[in-house]
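Hello,

Here is the structure I promised to pass on to you. Have a look at it first, and then read on for what turned up when I went through it.

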Amino acid sequence: MKRLPWKYTAGLFDGEGCVKYGIRRKSARPGQGKTAGALRDVYYPQVVLELTLSEPGFPVIDMLHNSYGGRVYHRESKNPNWKDTRLWRVADKGKCRLIANNIVKHTYIKREQLRLALWVWDNLKGIQPHSVALALRDEFSALKGDPHRLSEKAQVRLLEML
């Protein structure tokens, strides 16, 4: 199957894609041993890339899946006037970073979201304080509302918190 060019993927992602941010919470014990202390919650920032297309775009979703990996989810429409959709999701940090790095310069609407996601993948590794996880959530929400807001401001704010 043919691989989609990065510019085409960028345009498709700019129009139909989504940079999603989530907070994974896990209970852990501080220190090395299991009896080192009481359980506490630790937070991992997680950024995933998603793209959804309706029925005529299913071959494109399959090409993206075959080219870049990830998972494909099929959603049947409950409304007879709507078409079924397929969702392509990439959650693996390495694959997400590769895709984002190659399409960021060709996007217009999602550019700052992708730049912030790249910064997160490069700088925030492992456990983060809950305040940083919440601040990241707020920044991604603000970028969705105002796509031309600068991601550098978010980076400075987050670095000050660390």
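Let me start with a tryptophan: Trp-82 sits in the loop that runs between β3 (71-75) and β4 (85-90). Please keep in mind that this is a predicted model. Is Trp-82 buried or exposed? Its relative accessibility is 62%, so Trp-82 counts as exposed, the cut-off being over 50%.

Now for the overall layout. The protein chain has 6 helices and 4 strands, and their order along the sequence is α-β-β-α-β-β-α-α-α-α. Its C-alpha trace spans about 55 × 35 × 30 Å along the principal axes. Of the 162 residues in the protein chain, 38% are buried. Among contacts with a separation of 6 or more, 64% are between residues 24 or more positions apart.

Next, the helix pairs. Two packed helices are described by the angle between their axes and by the distance between those axes. I have two pairs for you.

The pair I would look at to begin with is α1 (residues 6-16) with α3 (residues 93-103). Their axes come within 9 Å and cross at roughly 95°. Because that angle lies in the range of 65 to 115 degrees, α1 is roughly perpendicular to α3. On the α1 side the contact involves Trp-6, Thr-9, Ala-10 and Phe-13, and these meet Leu-98, Ile-99, Asn-102 and Ile-103 of α3. Sorted by class, this contact of α1 with α3 holds 6 nonpolar and 2 polar residues, and no charged ones.

How accessible is Leu-98? With a relative accessible area of 46%, Leu-98 is partly exposed, since that value falls between the 20% and 50% limits. The C-alpha atoms of Leu-98 and Tyr-108 are 18 Å apart, for a distance of 10 residues along the chain.

The other pair is α5 (residues 130-145) and α6 (residues 151-161), whose axes come within 10 Å and cross at roughly 170°. An angle over 145 degrees counts as roughly antiparallel, so that is how α5 lies to α6. From α5, the residues Ser-131, Val-132, Ala-135, Leu-136, Asp-138 and Glu-139 meet Ala-154, Arg-157, Leu-158 and Met-161 of α6. By class, the contact of α5 with α6 comprises 6 nonpolar residues, 1 polar residue and 3 charged residues.

Which of its residues are buried? They are Phe-58, Val-60, Ile-61, Met-63, Leu-64, Ser-67 and Tyr-68. Just after α2 comes Gly-69, which has a positive phi of about 85°.

On to the largest pocket, which holds about 210 Å³ of space. Its lining is made up of Arg-24, Tyr-44, Pro-45, Gln-46, Val-47, Ala-91, Lys-93, Val-120, Trp-121, Leu-124, Lys-125 and Gly-126. Two elements, β2 (40-54) and α4 (111-123), each give at least two residues to this lining, and β2 provides the largest share with 4 residues. By class, the lining has 7 nonpolar, 2 polar and 3 charged residues.

One of those lining residues is Val-120, which belongs to helix α4. Its relative accessibility is 2%, and Val-120 therefore counts as buried, the limit being under 20%. Leaving out residues up to four places away in sequence, Val-120 touches Pro-45, Val-47, Leu-136 and Phe-140. Pro-45 and Val-47 also belong to the pocket lining, and Leu-136 is among the α5 residues that meet α6. By contrast, 30 Å separates the C-alpha atoms of Val-120 and Arg-75, which are 45 residues apart in sequence.

Strand β2 also contains Val-42. Val-42 is buried, with a relative accessible area of 2%. Where Val-42 and Gln-128 are concerned, the two are 86 residues apart in sequence, and their C-alpha atoms are 7.0 Å apart in space.

That is what I have so far.

Definitions and conventions: Residues numbered from 1 in each chain as written. Predicted model: local features only at pLDDT ≥ 70, side-chain atom pairs only at ≥ 80, totals over all residues. Heavy atoms only, no water. 1 Å grid on protein atoms, 1.4 Å probe; cavity = no way out; pocket = protein on both sides within 12 Å on 5 of 7 lines; lining within 4 Å. Points joined across faces, edges and corners; volume = space filled by probe spheres on them. Nonpolar A, V, L, I, M, F, W, Y, C, P; charged D, E, K, R; others polar. Axes fitted to C-alpha atoms, helices over the stretch in contact; angles between N-to-C directions. Parallel < 35°, antiparallel > 145°, perpendicular 65-115°, else oblique. Contact = heavy atoms within 4.5 Å. Buried < 20%, exposed > 50% of the residue type's maximum accessible area, 1.4 Å probe, protein only.
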